[in-house]
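This report describes a set of chains shown below. It begins with one residue pair and then turns to chain architecture and contacts.

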Amino acid sequence: MSKHRIMGLFSDFEQAFAAIADIRANKIHGVSVDDVTLKSPIEHPEIEEVLGERPAHVPKFTLMGALFGLTFGFLFLASAQATFLVQPQGGKPVVPLPSNFVLTYELLILFGVAFTVISFFIGAGMGRKRDTLYSEMVSLDQVGVLLEVDESKAQALKDLFKEHKVVEIREEVAR
Amino acid sequence: MQTKDINEQIKWAQINKDVLSSMENPRMAYWVAVAVCVAMIACAAAAVGYVYTTGQGVLDLYWPEMWGLFIATFIFWIGMSHSGTLLSAILHIVHADWRKPIYRFAEAMTTFSLMTAGLFPIIHLGRMWNLYWVLPYVSDRGIWPNFRSPLAWDCFAIFTYLTSSALFLFIGMIPDLAICRDNAKGWRKKLYTVLSLGWAGTDRQWRHFRKTYLLMACFLIPLAVSVHSIVSSDFAMSIMPGWHVTSFPPYFVAGALYSGCAAIITLFIILRYFFRFEEYMTIPILEKTCKLTFVIAMAWSYLNLIEFAATWYGHDAAAKEVLWDKFTGPFSPYFWAMLFFGSVLPFALAFEKLRRHLPTMFVVSLLLNVGMWLERWMIVSPTLSLSYHPFAWKVVWPSMVQWAVVFGSFGWFGLLFLVFVKVFPSVSMYEVKEMVYHRRRAHEEDQAKIFHRRTSDPQPAIDTPSA
Amino acid sequence: MSLKNILENWSHYRRGIEQGGHHKYEHMWGMALDLNKCIGCNACSVACYAENNLAVVGHDRFAKNQVMHWLRIERYWDEPDLDKVSDSTSQYQEHGASFLPMMCQQCNAATCEPVCPVAATYHTPDGLNAQVYNRCIGSRYCSNNCPYRLRYFNWFSFYESSWPAPLHLQLNPDLTVRDKGVMEKCTFCVQRIRVAKDKAKMENRKVVDGEFQTSCQQSCPTTAIVFGDMLDPESKVSTLWRTHQVELGKTKQAKQNRELRGYRVFEALNTEPKVMYMERVREV
Amino acid sequence: MSGIEINRRDFLKVMGWSGAGVALAACDMPSTVTLEEGKEEVTAYILPEEYVIPGIGVYYASTCQQCSAGCGIHGRVREGRVLKFEGNPDAKINYGKLCQMGQGGVQAHYNPDRITKPLVRKGGALVEASWDEALGLIKQHVGPESALSGDKFAWVTGTVSGHQAVLLQAHLEAMGSGNHFVHEVINNAVGQAVNSDMLGETQPTYRFDEARVIVSFGADFLGTWMSPVHFATQYAKFREAPRGILVQIEPKMTLTGANADLWLAVRPGTEGVLALGLANTLLVKHKRDASVLPAEVQEMIARYDLDTVQRITGVTGDRIVKVAGWLDSQSPSLVLAGGTAEGQEHGYETAAAVMLLNIILGNVGRTIVSSGDLPYAQMGPKSGNNQALLNFAETVEKGGLEAVFFYNTNPVYTAPSFLKLTDKLNSVPFKVAFAQFPDETAMRADVVLPIHSPYEDWGTHVAAYNGTQIGVQQPLMEPLNPTTHGFGDLLLEMLKLRKAETYGGFADYYAYLKQAISALPVELAQPARLHDAQWQQALQTGLIPVQRSARAISAKALAVNLPDYTQNGQYPYHLVPSPRLGLWDGRHANIPWLQEAPDQISKVVWDSWAEMHPATAQKLGVTQGDVVTITSDQGAVEAKVYIYKGIHPDAIAVPLGQGHEKEFSRYAKDRGVNPLKVLSPVRDAKTGELALYGTRVQIAKAGRHEKLVKMGGSEIQVGRKLVATVTADVFRRTEGGQDVA
Amino acid sequence: MELGENRFGGKMSVNDRGFMSLMNRTEELSGGRKTGWLWAPFLSLMVFALMLSSVEAYAEGTVPNAVPPKGTYEGKNVEQPIEFPHDIHAKINEINCMYCHTYARRSKVAGIPPTSKCMGCHSVIATDKPRIKKLTEYWEKREPPPWKKVHDVPDYVHFTHEKHLKRFVFDNPELPVERVSEVCAFCHGEVKNMTVAHKVKPLNMGFCVRCHEANKGPSDCWKCHK
């Protein structure tokens with residue numbers, strides 16, 4: 001039994017929201033809300049009410065990046081200073097804390113930002129080929145709801161979409 | 001009179017159309033502007049080439065005034081770069097959604113002024129070809145930069161800031177780039193396809209996007225503050241009279257925000273006029289920006305006063321001498337001009353009539369930035385020319401070569417900006433949509449509440465005057 | 001560049017000079033300059049040009065202060081209103097001029113050092129404030145942070161015009177001729193110090209006080225300049241510092257006899273200059 | 001001091017300076033540094049002396065020729081090229097010290113504008129010629145075959161001494177001529193005339209180190225007076241505890257004035273009156289013994305009471321009383337006259353009046369002592385003066401000269417325009433310049449013979465002041481240009497033309513000198529040495545100490561007749577053409593170091609300027625940098641104004657040294673003006689010496705303002721403790737000598 | 001090697017903690033199904049630490065009390081006025097380096113021997129050889145041969161031979177002076193195997209600094225640059 005990928009495009013976010021709410025309410029047996037992908041032109045944080053809380057690990061990466069920047073930065077500076085003893089000291093220790101704190105702070109931010117961005121790219125799956133089921137209307141004003149369901153459930157799903165005044169339905173056979 | 005920040009009924013397709021069309025079909029004026037910028041850059045490039053081949057002496061720098069306009073302009077551009085961060089990051093965090101139509105070009109301004117600013121420390125070096133010695137790289141010679149030097153800090157700070165703000169700009173632009181991709185043809189299509197990194201607006205992407213954007217905003221605020229504090233420590237860490245001032249970091253940050261906001265007003269008016277962005281860059285938003293600028297101007301003036309007072313009541317005779325020289329000496333015309341432009345002129349922003357009059361605001365914002373540029377010059381030059389050792393007092397007018405480079409830097413910034421507005425959307429489409437969406441929703445809810453209260457709710461209405 | 005190094009020697013690297021930090025001085029070259037004897041004749045300054053390959057910049061560049069005199073003789077007038085005659089001021093400079101030869105003060109807590117982004121200026125084990133020309137990138141920060149304004153910048157490739165052949169045959173091969181874009185300053189004639197130290201080392205002995213002279217000291221007709229090792233308590237220069245009760249590491253001297261003439265320029269800035277001046281004397 | 005000091009036995013066989021170590025050590029410009037193998041040359045010696053090691057400096061002793069003070073120098077030589085001059089510690093003149101002009105000698109030696117080829121005038125222009133051609137011309141004009149006789153021939157030189165003077169005299173004798181015009185702009189001729197009249201000795205020795213008070217009337221002994229380095233070394237001792245008092249009295253502040261405890265501005269030309277006023281105060285107020293003076297002198301002094309002196313000199317009475325008080329209480333003292341005091345119409349009288357003070361104070365024999373006599377009188381210095389220049393001009397005008405030889409002097413530059421020397425010289429058919437530089441005189445000669453610089457040439461020198469040694473001048477390196485010849489060699493050539501029998505035996509001047517020095521009577525040298533060792537020793541130490549015969553000094557008081565001060569309505573100001581330690585009389589204007597070294601007083605560089613009192617400036621309405629025209633009856637010069645309070649309001653000072661013609665040097669080209677040109681024909685009445693400071697001028701605004709290029713910004717300390725001043729009381733309390741005070 | 005269960009019930013292995021595997025599993029990571037990435041920063045830190053710990057791999061040379069500097073350079077052959085055979089002099093005839101380069105122990109420069117020194121021997125030895133004839137020609141013209149510089153350092157580097165010879169030869173009791181060529185070879189290579197010397201060592205700052213570190217030479221910049 002082949003799997004079908006179905007995307008319904010809604011002109012109104014409320015409609016899409018209602019459709020997903022129906023899926024969540026198990027209106028179609030065997031189609032889980034976890035399989036829903038929402039595609040929207042703007043951010044809709046309220047969708048979590050129906051989609052459930054899905055994880056995003058960016059903050060952890062950020063923390064790690066910042067910690068790495070902190071330790072790496074300080075050790076890097078300190079070890080460089082400890083081998084380059086002719087550098088001016090003016091009676092202060094070889095490894096001076098004030099200036100190293102300033103630089104470490106900058107490195108903390110640099111690595112924090114870098115890790116954040118990397119984790120965004122990784123976490124959001126950026127840089128990969130776009131889904132074939134993509135409508136340019138999504139970037140304009142329509143909201144897409146994408147599911148991958150068994151062939152047997154496809155018709156029921158389409159009906160559900162139609163019930164919520166879907167504008168257009170796209171479908172393909174999953175490979 | 002328009003009071004709403006934005007027309008809530010505007011069609012999303014209209015937003016797309018307006019913004020995308022601003023990126024196409026450059027008019028004659030655009031090409032003229034590009035030509036002017038290129039000519040200015042050519043001026044500066046020729047000057048820098050001259051300096052490179054003959055030596056810094058042609059700048060008419062001298063013992064003991066060894067920095068001159070280059071470093072002053074460097075601080076000016078660094079300061080300019082703070083606008084984007086302020087509007088975007090701070091206002092983002094405090095959920096001030098009126099930032100949305102204007103933050104994009106402000107962020108671009110941040111990045112480009114940093115790219116301009118970063119050139120100045122390079123070209124002011126006597127041996128600019130050895131610039132890379134400031135970078136901490138491993139070499140078999142076993143030598144490192146001096147991590148105690150505020151100039152080395154500058155290097156770290158500017159690199160971090162440039163990287164972060166460019167990423168911030170780029171990340172925030174990804175959904176818009178996807179819009180562009182979906183509407184473009186030819187080379188633009190390819191470009192946006194690559195740059196949008198496969199953005200499809202999925203819930204997963206939005207989810208990560210939201211957190212990333214927020215976190216970066218959180219990073220950028222302290223970063224921006226630290227960058228200008230570090231730039232100020234180029235001066236504050238020295239022992240020179242007039243530089244060795246504790247209040248320099250906040251003073252610099254305030255000055256930076258000030259000039260940045262003023263520049264936003266300038267560019268706001270230019271973009272609004274040329275791209276007919278009246279629907280997005282509305283007068284109420286301009287007014288908000290103006291008010292913000294006014295507040296910062298007052299903060300800056302206050303810090304200025306603090307600096308004078310601290311010097312005046314302190315017992316550093318040399319610093320007093322420098323201050324007095326600023327008041328009365330060879331630099332006094334520029335100093336008083338700076339005070340006028342920086343502290344008196346911003347009162348124009350306090351009047352609603354003037355705020356809403358675009359030509360006035362345009363001129364005022366330009367003059368504010370002239371004042372801010374003078375401020376930087378007044379920080380650098382008087383102290384160098386008239387510091388501790390009276391035998392080394394000397395004032396020489398900067399040479400045309402110096403002026404040419406300063407002049408050219410505006411061309412360089414202008415060119416970057418001109419390219420930007422034609423290649424990238426200078427108004428954030430998706431955020432304007434969000435703004436419209438949320439405001440309309442909020443409006444409808446308000447309406448619903450009022451309706452609800454009046455019809456079905458028996459509770460005493462708050463707005464009914466009691467007997 | 002090893003992590004092991006810092007982890008093992010952490011406490012060592014965290015010690016400042018007060019806790020016996022790692023800087024050990026072999027010598028501490030210092031100077032004492034008697035303004036009672038200095039007549040401001042310029043011999044030292046020209047001797048410095050001759051010894052240290054200083055560029056002659058010419059009239060037009062001098063007009064812009066793009067000058068290279070490592071040792072300049074400053075001249076101050078006593079009467080403040082130079083171009084006015086009034087009843088309150090004297091009609092003449094009756095006590096002559098005040099001359100002040102200023103060369104790099106070789107500060108022990110030099111303000112120029114920590115600001116150099118590439119560590120081109122640093123403190124040597126001889127207590128000298130060194131300038132490494134070939135490391136300098138010309139940010140000029142050091143000069144801007146020198147309260148004495150004793151650092152000079154090569155605004156041009158002065159060597160191209162300063163020594164037309166055969167004048168270039170005069171150049172001292174013991175030290176570098178500076179090209180454009182680098183900072184330079186008085187070195188206390190480091191090439192002479194180096195020769196003397198090398199000679200002493202070849203003979204397995206210490207450098208003797210007075211074994212060598214700096215170029216300015218050597219030419220001074222009135223012997224106003226005394227130079228030597230301040231770590232050597234017997235040397236002429238440390239004797240003078242001691243007699244005048246001037247101590248290196250102080251911002252304010254606790255002199256038992258306040259009338260002693262020794263002082264340092266801008267001592268209060270805590271730069272610890274190693275050149276002590278002795279006050280000018282006038283009969284009235 | 002690095003390297004080794006060693007005696008110089010012979011020339012280095014080959015100097016490798018053409019390649020080794022000369023490479024310009026630039027920083028890192030790729031264009032100037034190549035590390036590629038085989039691109040640079042490294043030159044080897046052929047047969048070096050044992051002590052010559054590449055990379056190590058060798059010091060050779062010689063004698064400085066930058067002025068006629070005769071300081072001993074050491075030249076640091078590396079890889080065959082001389083790098084730097086340092087004072088010779090053995091020399092009793094400078095004790096190892098050297099002034100800026102001496103330091104600059106190395107740039108005179110390597111000067112890029114030196115003449116390297118003989119020049120011969122052809123068709124009105126000087127063209128390069130071969131030595132044979134040039135010497136042939138000389139032989140033709142002054143050789144034995146020529147009809148030149150006796151007084152038709154003349155030498156015009158600067159101060160000469162030692163064996164050059166001997167040979168020069170021999171040449172004059174061989175030519176049968178008595179015409180030797182010795183010209184120096186900066187001289188002490190008037191003072192020496194007074195010395196010989198009043199002390200019986202031309203040049204006594206002054207003991208600055210013994211004096212407790214020095215009162216100097218215009219004698220800039222730290223700057224330009226006779227032997228400045230020597231005086232400065234003595235001055236240092238004078239300033240040590242218990243510290244003497246220096247009073248300088250002059251119309252324009254000199255370097256000595258800048259170091260004075262009390263600097264008194266005196267109306268130019270009235271210094272003598274002030275001296276007599278001091279004498280009067282000493283005799284009347286301090287009851288000094290007047291019996292040392294003849295009655296007529298006492299009578300004359302009595303006329304100069306305080307009021308008269310105040311009126312004439314413009315110096316307030318309290319200052320006079322104060323100085324007289326010092327002179328009375330501190331003993332011994334030393335009173336000097338020189339410079340501006342002497343260069344007046346009555347300069348002799350002024351100097352004599354000053355000498356009277358010394359007699360009253362009993363300084364003669366204490367701080368003014370006899371120098372004794374040089375045992376080799378023929379080697380003694382022929383000191384120059386300006387009278388010689390006037391005499392030369394007169395002689396030329398009379399048409400008496402057919403051939404003139406110039407050496408070490410530049411009369412065309414230094415002659416005031418009233419002499420019209422340039423025009424007059426055209427009437428001399430044959431002029432030869434023995435010149436190092438294309439100066440104004442050389443450029444008007446018919447034959448220019450390029451000579452060695454003093455630092456690649458042989459010679460001996462005896463200083464006019466403190467001539468207790470014969471300074472040996474020996475080459476510090478091989479001649480820079482193989483086409484130049486030594487002056488001594490050429491002199492010998494000239495002599496051989498006329499007196500081959502006496503001088504034909506000497507291959508060159510070196511041979512002559514070696515023989516002459518080895519033949520010096522050993523008993524006159526100290527310590528006595530064998531003849532040959534004497535030569536070796538002379539080369540090693542750079543000097544031969546001589547025992548001057550002792551003689552007593554006696555004082556003879558003369559009455560002087562000083563005129564009252566007269567105003568000049570048309571020319572109300574006095575021009576002070578001030579010499580400066582640096583450019584001297586203009587001969588060093590081609591030395592870039594000295595052009596760049598600022599004037600000690602005004603700190604101006606590379607230019608001429610006019611020093612002016614603020615009161616004068618106010619009257620004329622000029623500010624610093626305004627150009628003024630200074631007009632005398634002989635012409636006008638223009639200069640930028642420098643305003644300060646170190647000059648008398650009636651005086652305007654323009655420094656000597658600039659205003660050269662463009663051929664002279666790239667460094668002196670278009671630089672300033674030459675104030676000597678506008679001097680009036682005023683002579684010292686007694687001696688006939690040109691009164692250098694006797695010119696009256698008028699000043700007018702030229703209406704232009706130009707930047708005065710000077711070193712430094714603020715001229716005052718603005719309350720910072722840069723140069724602190726304490727009083728001498730404090731100094732004596734802390735550093736000794738209190739009991740004496 | 002299993003370390004236990006993660007909170008998603010999967011087995012965690014050492015492999016999972018590898019940085020590379022982290023990169024390969026971005027998909028799972030983003031889905032939040034693995035937490036191996038937590039280790040990533042520390043792993044990279046360790047890589048950095050390894051990077052920083054300098055590997056002091058100096059081979060002990062034959063010269064006692066000295067660590068010869070490392071580094072090679074492909075010098076080109078320099079055409080000299082006379083093709084001087086170092087091999088004949090130093091190898092076959094075993095002439096000490098310092099016999100001709102006599103200034104090396106007394107001065108900062110080693111110096112080219114004066115022509116008189118060459119002629120000291122070659123006025124009698126091998127006078128018929130073409131190279132010696134050329135030399136004699138120069139000698140008779142009283143002109144030094146225009147030798148080309150092979151080992152050059154920038155003019156702002158003030159190397160002194162004297163001090164290095166003192167450190168490695170004269171103050172080194174275990175090295176007889178006869179073996180001085182081994183010390184010379186530190187910087188000049190095996191000159192005795194060359195005819196005309198050519199550069200075989202880089203003679204750059206890294207080369208100097210590494211040797212100074214290994215032999216505890218001075219690290220003061222002004223020792224060499226001034």
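Gly471(D) sits opposite Leu543(D), a residue of β21(D). Strands here are DSSP E runs of at least two residues and helices H or I runs of at least four, numbered from the N terminus; two strands pair if DSSP finds at least two bridges between them. The model is predicted: local features need pLDDT of at least 70, side-chain atom pairs count only at pLDDT 80 or more, and totals for chains, interfaces and linings use all residues. Residues are numbered from 1 along each chain as its sequence is written, while chains are lettered from A and ligands numbered from 1 in the order in which they are written.

Strand β20 of chain D (residues 469-473) runs antiparallel to β21(D), joined by three bridges. Both belong to an open antiparallel sheet of three strands, ordered β19-β20-β21 in chain D. Its edge strands each pair on one side only:

| Edge strand | Residues |
|---|---|
| β19 (chain D) | 459-462 |
| β21 (chain D) | 543-545 |

Chain C has 10 helices and 11 strands. Its radius of gyration, taken over C-alpha atoms, is 21 Å, close to the 19 Å of the globule rule for 284 residues, so chain C is as compact as a globular protein of that length. That rule is 2.2 Å times the number of residues to the power 0.38.

Residues are in contact if their C-beta atoms, placed from the backbone, lie within 7 Å. Among the nine pairs of chains in contact, C and D share the most contacts. Chains A and D do not touch, with their nearest C-alpha atoms 21 Å apart.

Note on methods: Two residues are in contact if their C-beta atoms, placed from the backbone, lie within 7 Å.
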